[in-house]
Structures are given as C-alpha cells and as structure tokens.
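Reader: Can you walk me through this one? Keep it quick.

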Amino acid sequence: MSKPPEWLAAGWPHIWLPYAQMKTASLPIPVVGGHGARLKLADGRELIDGVASWWTMAHGYNHPHIRECVARQLETLPHVMLGGLAHEQAFTLAKRLAALLPGDLNRVFFSDSGSVAVEVALKMALQFWINRGERGRHKIVSFKGGYHGDTFATMAICDPDEGMHSLFKGALAEQFIVDLPRDAATTRALDDLLGRERRSIAAVIVEPLVQGAGGMKFHEPEVLARIAETARRHGVIFILDEIFTGFGRTGTMFAMEQAGVVPDIVCLGKALTGGTAPLAATVASDRIFEAFLSDDPARALMHGPTFMGNALACAAANASLDLFEREPRIRQIKRIEAQLRAGLEPARGLPGVRDVRVKGAIGVIELERIDREALRARFVEEGVWIRPFNNIVYTTPPFVITDDDLQRLAATMVKVVREST
Ligand SMILES: *Cc1c(COP(=O)(O)O)cnc(C)c1O
C-alpha cells in the first residue's frame, strides 16, 4: 500500500464536502482512475462502484467512445456561449432528445445541474400562465417522499419532513406537498385539491415510478397515470422530473413510458452525459413553448445559465446517446434487475430488514435502523462502494457492470447488512 497522495492532506483543510458534518467527517477516499464499473484508488486497490457516481455513470468509467468524442470536441471548441452563437453539439443534442422523448416534447432548454433544470421547469410553468393572462397561478403541487434539488425553489417542493431541508422551512415558498394517490382516499384528496385551488396552482411535479433521493421509494405505473390524468382533467401543467429515472435506470429509456404518460415538461440530468460532465435539460411540449411566442419581448423565457449547452458536455451526451443506440443497455438493465432480485432476496426476513425491493437497475435494502458511516466503511473493506442514506442500503450500478461484479456487490450488501443487524 502506498502513502495517501500529498494533494489530499494539502486540500483537506480547504474543501467543504457535500452533505457532510465537517467536524466529524472522515477523510474521503482518493480515486485516481476508473474503468467499467470499477474505481481505481490511490493506494492501488479497486472498488466496485455500486452507486455509479450518484446515478450518472451509465456506461461505466472512461468509456472509449465518450472519451474520444469529448477529446475531439476539446480540440475544436470546448465552449461557446449560446446567447446569439451556436455550436453543433448542442443543436444536434436538442434534436436527438426531442426525437427520443415521446409526444411533442420538442423544445430543449439546457442548464448545468438538475436543480436548475427543475427551477427552469417551474419558471416555465408559472410564466406559461402569466403569458396566457391568468394571474395568480404560482403554486406547485408535489409529493411526499419526493426530491427535486437543493436550491431554494426546489427545496420547497421536496419532502418537508425528510430532514435535509427542514431547517429552512420558514424561508421556503409554501407549496402543496401531498400523498401519492395510491388509494381511493389519497386519489380523492389530490382531485379535491386541484379542484379547490385551480386558480392558484400552476403545475404538478413528480418523479415517475421511483422517488430517488427521498428514499428510493417505488410506485406503480397506475399511480403515475392517475396523477397525469388528474392534472390533465384540471388543466394544470404536468411536470415529470426524470433526472434520476431517465436513460434506462428503471428498465425503459424513460420511466414515463411504463405508464404511457407524456408530461408538458420533463427534466433530465444525471445520466444525460453518461456521467462525464455536468449537463441538464428542461424539455417543453409545443403547447408550453407556444405560450412564450409573442411580439412582446417581456413574454420571453428570461433564463440563461452561463455554461448552458457547454460543448464538451453536449459532446459527451451525444456520445452517450450513441451508446444507448449501439450497445444493448436496456437488455443489460433487465439482466441487472433479475440478478439483483435473486441476489438481494436473502436479505428479506433478516432481523432489522424492513423491505427489499428492485426495479430496473435499482436494488434497495431498507432497514429499521442504520449506522451509515460504519456500513460505508465496512463496504470499502469488502471492496465495494455503497453509500447508504436515510435508512437504506442501495445500489444503482453502471449498466456495464459484469455479472461477477454485480454478484459480488449484491452478496456483499446482504453480508454487511446481516452482520450489522
Ligand atoms: C439529483 C436530482 C435532482 C437534482 O440534480 P442536481 O444535478 O444534483 O442539482 C433533481 N431531481 C431528481 C429526481 C434528482 O434525482
């Protein structure tokens, strides 16, 4: 084993890590490379990445095709502003995303993070009504257990009790955060709310089929279809946040396909570039877009992230879409699903295990209680990278993970959970 790299200790007093209590945070693990589903550590070891770098690394680390396309773009044009200028990668990507998405989701607005993509969707929804002359429609309906980002407008539509944002309660916009319509009572409650508040509600937003960062909670396609139908019937804008679920994660290219619903606006991010670079997109239907067409300049969408449509990121995204076309990703995801079902099943019924669930390339063991830090360290000792949150131990592996690595990943999850409870 070699010494920890010098840069780690030198930068440690200056870096502020995500979601970390810095007083007690342990030194993070230095990574120097990656290939496929594996991370190469500075000390020479490898970890099987069960998290795919926060659900982004669809094709694995350092896929040669993505690397080649980004390198080529770097040699010609790494970036140019989209305000008044154009480059091929962004225009091509917009066309390809519109072709890939169902219905008339035809207008792509780029940004650089998922939270901003959701902010843009909310702004589109509110301004849609303003442009149509309906004042006062600025409330959003979202769902308990949901997560839509860490910025202020998005915090206001996350699960209010989940804890991550509860400190800011008084500073956040008050929105309607309701139960998913899983049964007759909650379906009626949603219907009543949209009827009662129809003058104040601009949009309904939901993560389709899987609420990710709120706890990897699944719902049936019928529940999603019910939300879509209720929003339609009351004439409010229907927004899908596919930032986590998009690009194959739940077993279809987009989760919405499993319920046969098409939203007015969809948010994409995370795996959009195959994990290579930050990029997000907010895609609007023709009807939404047309409400912004006017002789009045004030009706335009006044938004424009500095790095929107960055050429390196768009080149990575185009390369990632190539790979979804050329390589058998959806078949791989089905195989991962079957393997995770078999591999995690032994955890069901263990003391302290509340639930075991699998959908697409997502495998979850939900516990009664959890010591996240201790578990994380145990996983690293076992050679896998699993980062528990809330009370769950989960995996969202890169789709190119080998059968052997996936088997080891699932077996290690069961083993570590068994010894911890
Ligand atoms: C991760 C995530 C976001 C936020 O994306 P960032 O890129 O972290 O800002 C929003 N919605 C969902 C469903 C997500 O999973």
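Author: Terms first: helices (H or I, at least four residues) and strands (E, at least two) are DSSP runs, numbered from the N terminus. The chain has 13 helices and 16 strands. This is a predicted model: local features need pLDDT of at least 70, side-chain atom pairs count only at pLDDT 80 or more, and totals for chains, interfaces and linings use all residues. Residues are numbered from 1 along each chain as its sequence is written, and side-chain values use heavy atoms, with hydrogens and water left out.

Reader: What radius of gyration does the chain have, and what would a compact globule have?

Author: The chain has 22 Å, which agrees with the value near 22 Å for a compact globule of 421 residues. The radius is taken over C-alpha atoms, and the globule rule is 2.2 Å times the number of residues to the power 0.38. Along its principal axes the C-alpha trace spans about 65 × 55 × 45 Å.

Reader: Now the ligand. Which residues surround it?

Author: W55, S113, G114, S115, Y147, H148, G149, E207, D241, I243, F244 and K270. A residue counts as near if one of its heavy atoms lies within 4 Å.

Reader: And how does that shell divide by class?

Author: Four nonpolar, five polar and three charged. Ala, Val, Leu, Ile, Met, Phe, Trp, Tyr, Cys and Pro count as nonpolar, Asp, Glu, Lys and Arg as charged, and the others, Gly among them, as polar.

Reader: What about polar contacts?

Author: The term means a pair of N or O atoms within 3.5 Å; within protein, one must be able to donate a hydrogen and the other to accept it, and residues adjacent in sequence count only if both atoms are side-chain atoms. A polar side-chain atom of S115 is 2.6 Å from a ligand oxygen. For G114, a polar backbone atom lies 2.8 Å from an oxygen atom of the ligand. D241 places a polar side-chain atom 2.7 Å from a ligand nitrogen.

Reader: How much of the ligand's accessible area does the protein cover?

Author: 82% of the 380 Å² that the ligand has on its own, by the Shrake-Rupley method with a 1.4 Å probe.

Reader: Switching topic. How many cavities?

Author: One of 30 Å³ or more. On a 1 Å grid over the protein atoms alone, a cavity is a set of points where a 1.4 Å probe fits but cannot get out; a pocket is an open set with protein on both sides within 12 Å along at least five of seven lines; lining residues have an atom within 4 Å of a point. Grid points are joined across faces, edges and corners, and a volume is the space filled by probe spheres set on the points. The largest cavity holds about 40 Å³.

Reader: Which residues line the largest cavity?

Author: Q332, R335, I336, Q339, F399, I401, D403 and L406. α11 gives the largest share, four residues.
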